[in-house]
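Here are my notes on the model, point by point. Please read them with the structure open.

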Amino acid sequence: MSAKPRHPLAPARATRIIILAVIGALFAVPIASMVEFTLRDPQTGGHTLNNWASLFAPDAASTYEVVWTGIGNSLLLSAFAVAVVLLILVPTMVYVEVEFPRLSRVLEFICLIPLSLPAIVLVVGYVPVYQFIGRTVGTDVWSLGFAYGIIVLPFAHRALKSNLDAIGIRVLSEAGRTLGDSWFGFLWRVAVPNLRSGISAAVLITVAVVFGEFTLASLLNRTNLQTALNIINWQNPFVSVAISLVSLIAVFLLLLAVSGLGRVGVRRTRRPATPTPVSPTPLRGTR
Amino acid sequence: MTTSSPVLPGIVGTPVHFEAVSLRFGSTLALDEFSLVIAPGEFVALLGPSGSGKTTALRALAGLEAATAGRILVDGGDITGVPTNKRDLGMVFQSYSLFPHLTALENAEYGLRSRRQPKAARREAAQAGLDLVGLGDLADRYPHELSGGQQQRVALARALVTRPKVLLLDESLSALDAKVRVQLREEIRQLQLRLGITTIFVTHDQEEALSVADRVAVMRDGRIEQVGTPEDLYLRPASAFVAEFVGVTNRIPAENLGDGTVRVLGSVLPVAEVPATEVPAAEVPAADATAGGLVAYVRPENLRLVVGAGAGSTAGSGVSATVVESSFLGSFRHTLVTLPDGSLLRIQHAATEALAIGTEVLVEAVAVTRVVAA
């Protein structure tokens with residue numbers, strides 16, 4: 001079997017290796033530094049496993065309880081923000097693309113607003129809103145999900161928009177409607193299956209943003225993973241970094257699971273995309 | 001009144017009436033009191049340049065655009081306000097529009113799924129639909145595993161499986177390469193004749209329209225310029241626009257001789273009638289009018305080339321010309337000649353008459369398609 005010919009614009013092998021090495025280092029060096037930091041002995045300056053051992057020590061459970069609370073809250077908030085993306089953003093974007101394509105830019109602009117506002121400005125705006133939310137539905141941590149639903153909009157919108165543009169949703173919608181589909185029938189049977197990659201990317205990025213969010217939770221006095229790590233950091237920075245590492249791995253596994261869920265039900269085609277030539281006598285009568 | 005299909009039970013030929021349908025996009029009038037009556041089982045092509053309103057008319061019938069005035073009747077019932085998904089029409093789009101996540105069979109059964117038919121029944125009907133378009137063996141293929149022609153056949157099967165009242169083809173062949181396009185249009189016509197389904201075909205390709213349709217409606221600025229059989233349009237165009245848009249034509253200055261004849265390129269030719277919409281009889285220029293007063297539309301096959309003795313002379317009928325281009329097109333040849341005044345004429349003649357560039361010839365007109373005021 002001959003080797004696949006190289007694209008004329010593709011970088012040379014050496015260039016690819018250098019690019020991979022630089023990018024890999026960007027990820028690996030901070031993580032390796034974190035690992036090394038967690039192994040330091042604060043007393044002697046040498047290396048020890050005591051910081052890791054203290055994480056799982058029974059007498060430290062109450063100390064680190066806030067972390068477990070933070071992780072639980074971040075999971076809950078992720079689910080809430082994902083629900084906002086799936087139940088509000090996806091149908092809205094599909095509807096606008098199909099029925100009001102001229103408003104697509106307006107929707108994009110609205111979705112990008114959170115990206116252009118500093119978190120502190122957002123919080124100032126949220127304070128009166130959350131005073132109202134607190135009076136009406138309480139101050140439980142899940143209510144922070146409304147704010148998170150807003151801050152993930154720019155990222156989720158971009159992921160979905162690319163997918164919508166790629167599949168030509170408007171023509172598919174017209175085909176569905178002429179075949180007798182209702183709006184929700186089309187959304188469920190055609191739009192969602194064909195937006196699987198966009199939805200998957202939007203969900204992934206939503207989970208990642210929520211697990212990494214600190215400012216809103218801190219300023220609105222809610223506990224999530226990042227605020228919990230901040231609390232631990234004041235008590236023991238070595239253990240805090242160890243927990244950060246564990247969280248990093250846990251979130252990575254969570255994102256893998258989300259990504260895997262996005263592929264459930266996707267059928268693989270058995271043949272390569274080589275169309276069969278048109279038959280010279282294709283028409284047959286019904287019998 | 002409807003007519004039943006002899007091939008697919010349930011498919012019937014249904015009459016369609018457009019009654020003074022108007023449709024605006026902002027300040028643009030896309031359809032201007034568009035009226036057309038289509039008989040049950042008839043194949044009508046809407047032909048016209050870009051922006052003439054042909055696709056808008058089809059989309060208004062499908063319910064994909066809302067008419068701002070007028071009525072659309074299918075089988076006698078007013079469907080103007082009926083939602084698209086309740087109109088029971090089958091539509092094949094230019095861009096295939098197959099659902100990428102479904103196989104050919106699943107695509108074909110989609111309309112029946114929307115109608116909540118039992119799985120076994122819809123599978124059987126979908127398979128029959130694919131068999132009908134010759135793709136029964138490729139039922140488990142995904143759209144990306146099919147060629148453009150095959151995808152369009154699946155789209156056709158998908159539209160027919162629901163037994164629609166009318167089949168709508170929106171530039172359905174435009175995305176295909178030339179050979180497949182010709183093959184598929186012939187197959188669609190055969191299928192339409194066998195099923196007896198009323199079909200409306202939108203195209204900007206005149207050859208496509210003339211070759212498959214019972215009648216062709218030529219559109220311009222949201223209105224029908226002329227509707228008739230392909231022969232009517234080609235041989236008896238109702239307007240200068242139709243004469244120029246349908247087929248190739250030459251515009252040649254003509255002189256009115258006042259006795260039902262005109263002089264074109266020195267030849268005296270009869271003019272059957274001068275339609276009132278173009279040049280009212282009372283306004284036909286007098287016999288002494290200048291040659292620039294009228295313009296005759298003459299088809300390339302109605303111009304004759306004389307080569308050899310006398311070709312360079314201007315005495316008698318015909319005018320001298322010089323060959324500037326000659327193209328061999330298989331069964332015939334197209335030759336472009338220039339007249340002494342610099343104007344160009346396109347002439348169709350036998351493929352065996354090869355002419356070198358620069359050859360002096362005599363050009364004669366043997367028939368006139370239409371005469372209008374200049």
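1. Start with Ser97 of chain B. At 4% relative accessibility, Ser97(B) counts as buried, because the cut-off for that class is under 20%. The model is a predicted one, so please keep that in mind throughout. Ser97(B) lies in the loop between β8 and α2 (104–108) of chain B. Its phi is near 55 degrees, a positive value in a residue other than glycine. Most residues other than glycine have a negative phi.

2. Is Asp221(B) buried or exposed? Asp221(B) is exposed, with a relative accessible area of 58%. The residue sits in the loop between β11 (215–220) and β12 (223–228) of chain B.

3. Next, chain B as a whole. Chain B holds nine helices and 22 strands. It has 374 residues, and 53% of them count as buried. The accessible surface of chain B is about 15,100 Å². Carbon and sulfur atoms account for 53% of that surface. Take the contacts in chain B between residues at least 6 apart in sequence: 68% of them join residues at least 24 apart.

4. The neighbours of β9(B) come next. Strand β8 (residues 89–92) of chain B pairs with β9(B) in the parallel sense, over four bridges. Here Val92(B) has Leu169(B) as its bridge partner. Strand β10 (residues 198–203) of chain B also pairs with β9(B) in the parallel sense, over five bridges. In that pairing, the bridge partner of Leu167(B) is Thr199(B). The chain runs from β9(B) through helix α6 (residues 178–195) of chain B to β10(B), and this β-α-β crossover is right-handed.

5. Chain B also has an open sheet of five strands. What is the strand order? It reads β17-β21-β18-β19-β20 (chain B), with antiparallel pairing. The edge strands are β17 (303–307) and β20 (344–350) of chain B, and each pairs on one side only. Neighbouring strands of this sheet are turned by 45 degrees against each other on average, direction ignored.

6. Strand β18 (residues 319–328) of chain B and strand β19 (residues 332–338) of chain B pair in the antiparallel sense over six bridges. Val323(B) stands opposite Val337(B) in β19(B).

7. Last, chain A. An unreviewed UniProt entry annotates "transmembrane region" over residues 14–35, 75–94, 106–129, 141–160, 199–220 and 240–261 of chain A. Two of these spans can be set against the model. Residues 14–35 of chain A are 100% helix and 0% strand, with end C-alpha atoms 30 Å apart. Residues 106–129 of chain A are 92% helix and 0% strand, and there the end C-alpha atoms are 24 Å apart.

Key:
Residues numbered from 1 in each chain as written. Chains lettered and ligands numbered in written order. Predicted model: local features only at pLDDT ≥ 70, side-chain atom pairs only at ≥ 80, totals over all residues. Heavy atoms only, no water. Helix = DSSP H or I, 4+ residues; strand = E, 2+ residues; numbered from the N terminus. Buried < 20%, exposed > 50% of the residue type's maximum accessible area, 1.4 Å probe, protein only. Contact = heavy atoms within 4.5 Å. Areas by Shrake-Rupley, 256 points an atom, 1.4 Å probe, with all protein chains shown as cover. Pairing = 2+ DSSP bridges. Axes fitted to C-alpha atoms, helices over the stretch in contact; angles between N-to-C directions. Right-handed = clockwise from strand over helix to strand, strands pointing away. UniProt positions renumbered as here; feature names shortened; annotations may be inferred.
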